[in-house]
Amino acid sequence: MNRCAALCLVLLLTLSSGAFAWRLIRIPSLTDSDFSSIASMGYDIANSSRSEGFVDVMVEDRFVEETMLRFPHAKVLPAEWAQPMNDQSRNEFGYYYGPNENNAFWANLAAGSDLVDTPVAFAQSYQNRDIYHVRITNAGSDAPVIFFNALTHGREPGGNSALIDFAQWLTSEYGSDTMATFILDNAQVYFVPMVNIDAYYYNLPSGAPNHRKNLNFTSGTGIDLNRNWGYMWGYDNIGSSPDPYSETYRGTAAFSEVETQGLSDLMVELMPLGGFNFHTYGGYLIYPWGYNNQPTPDQATFQSWGAQMAGPVGYDWGRCYEVLGYSSNGDACDWEYGDQGMFFFTPEVDDNGFWGSQNDTTLIVTNNLECRSMSKLLCMNLLGSVGIEAQEYAGVGEGVEPSVDISANPVGSVLSFTVQGFGAPIVSVLDLSGRVVARVSDSGSWAVPSGMSNGIYYLVARENGASASRAFTVLR
Ligand SMILES: [Zn+2]
């Protein structure tokens, strides 16, 4: 048995026996073949960055030394990045909400607001827990659906945190923030906070095994629910594994698991325009295809939305291989787009390991705000894609003759526009929160300041109570 095979066997035995102390190790990897050789050694790859040139692997404590000998330039990452520290003096997972706090949060949100429906169980997990969704809207049941989900992997609380933050923001800011109002007046926003609810509970007790996959242990250590979807399932053994002990084990068949069955059935029923499948970690916004590195027919849309959402918050965006250096097959995003034509993205949120923000509210809030910014833009883009434009609601110009128009969108360095129906209007550029970021002459041309972030803005003209507005996107 060669050294690699021996290590693989050790890792497999470790996983199957349920080891309790874990560390993340960051291995410099400068070429694409470094990525694939690390993967082929059987390591559990937690995160990787092609642009920055590293791979993070999760190893049991007692294999840290061996791994460091193998990769002398590697770095052991802080202990709290790898696992919950079981400090339950605040919440169940440090400052992160655990499963019981999640349940309470959604029940309370529904009880406290007419905008929020009571949680509805749409499926049962392997261990017969309710997997539930919550709808937030002020629109009718015919309104377009936008869909957010998290915790497909049980050790990724950062995505759950982002989802809770966005739901809270929509609910509390409705009626005062123009965009929250617009979104809820025009869309039904669905949240599935805990797809892999069993694993989130499983990770709760002190010394728990920090589990990623579901809890169907029939033939191994569970099924990776993000390799079990029915589009290009099992396309190759690189993007998913046939080995029941691998962290990317795809299961015995597409949709073999009750969790993916339930979630995909719900999506087919609701037909969302798109959404986010929240995962942790690294700071990436990923879009299809995942199973290979080819562009989809909608590459231009994915690319421009990706740039607009991810750029301002410092995330990398692109296809799985472009960003992470490896492919993945049978993932949710490929099915959502490839099978259903839905515009879903997979954000890999938070930059401090799986649990690294658990003891630091500042880090959690930073992550939440980055994700909130992307979630807002996603909603605006999705509604815009079906012709529901912000200008209709902006509260300034519905149905009035005076108008503002943009010559070309998105906008690079110069915004060209026309203003009609006014005498001598005041023309302003507003950001998404309604803050005036610039006064503009009504000459029809405005040089976008070089320091202005990419993103959505409004051009607004006002005069004597009449006004008109138009959304535009700065993209450079
Ligand atoms: Zn994940």
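Where does P410 lie in the chain? P410 is found in the loop between β14 (403–406) and β15 (414–420), where strands are DSSP runs of E with at least two residues and helices are runs of H or I with at least four, numbered from the N terminus. The peptide bond from N409 to P410 is cis, with omega near 0°.

This is a predicted model, in which local features need pLDDT of at least 70, side-chain atom pairs count only at pLDDT 80 or more, and totals for chains, interfaces and linings use all residues. Residues are numbered from 1 along each chain as its sequence is written, and side-chain values use heavy atoms, with hydrogens and water left out.

**Overall form**

The protein chain contains 13 helices and 20 strands. Its radius of gyration is 23 Å, which agrees with the value near 23 Å for a compact globule of 476 residues; the radius is taken over C-alpha atoms, and the globule rule is 2.2 Å times the number of residues to the power 0.38. Buried residues make up 58% of the 476 residues. Here buried means under 20% relative accessible area, exposed means over 50%, and partly exposed lies in between (1.4 Å probe, protein chains only).

**The zinc site**

The zinc ion has the protein donors H153 (ND1), E156 (OE), E156 (OE) and H279 (ND1), at 2.0 to 2.3 Å. Donors are N, O and S atoms within 2.8 Å of the metal (3.2 Å for Na, K and Ca); water is not among the atoms, so sites may look incomplete. The arrangement is irregular because the 4 donor atoms subtend angles of 57 to 148°. Four donors count as tetrahedral if all angles lie between 85 and 135 degrees; four count as square planar and six as octahedral if opposite donors are over 155 degrees apart and all others between 65 and 115; anything else is irregular.

Along the chain, the donors follow the spacing H-x2-E-x122-H. H153 lies in the loop between β7 (145–149) and α6 (157–173), and H279 in strand β10 (residues 279–280), so the pair ties together parts 126 residues apart in sequence. Both H153 and H279 are buried.

**Backbone features**

Most residues other than glycine have a negative phi, and most peptide bonds are trans. A further cis peptide bond joins T280 and Y281, with omega about 15°. Two residues other than glycine have positive phi values, as tabulated.

| Residue | Phi | Relative accessibility |
|---|---|---|
| N128 | near 65° | 60%, exposed |
| M232 | near 60° | 33%, partly exposed |
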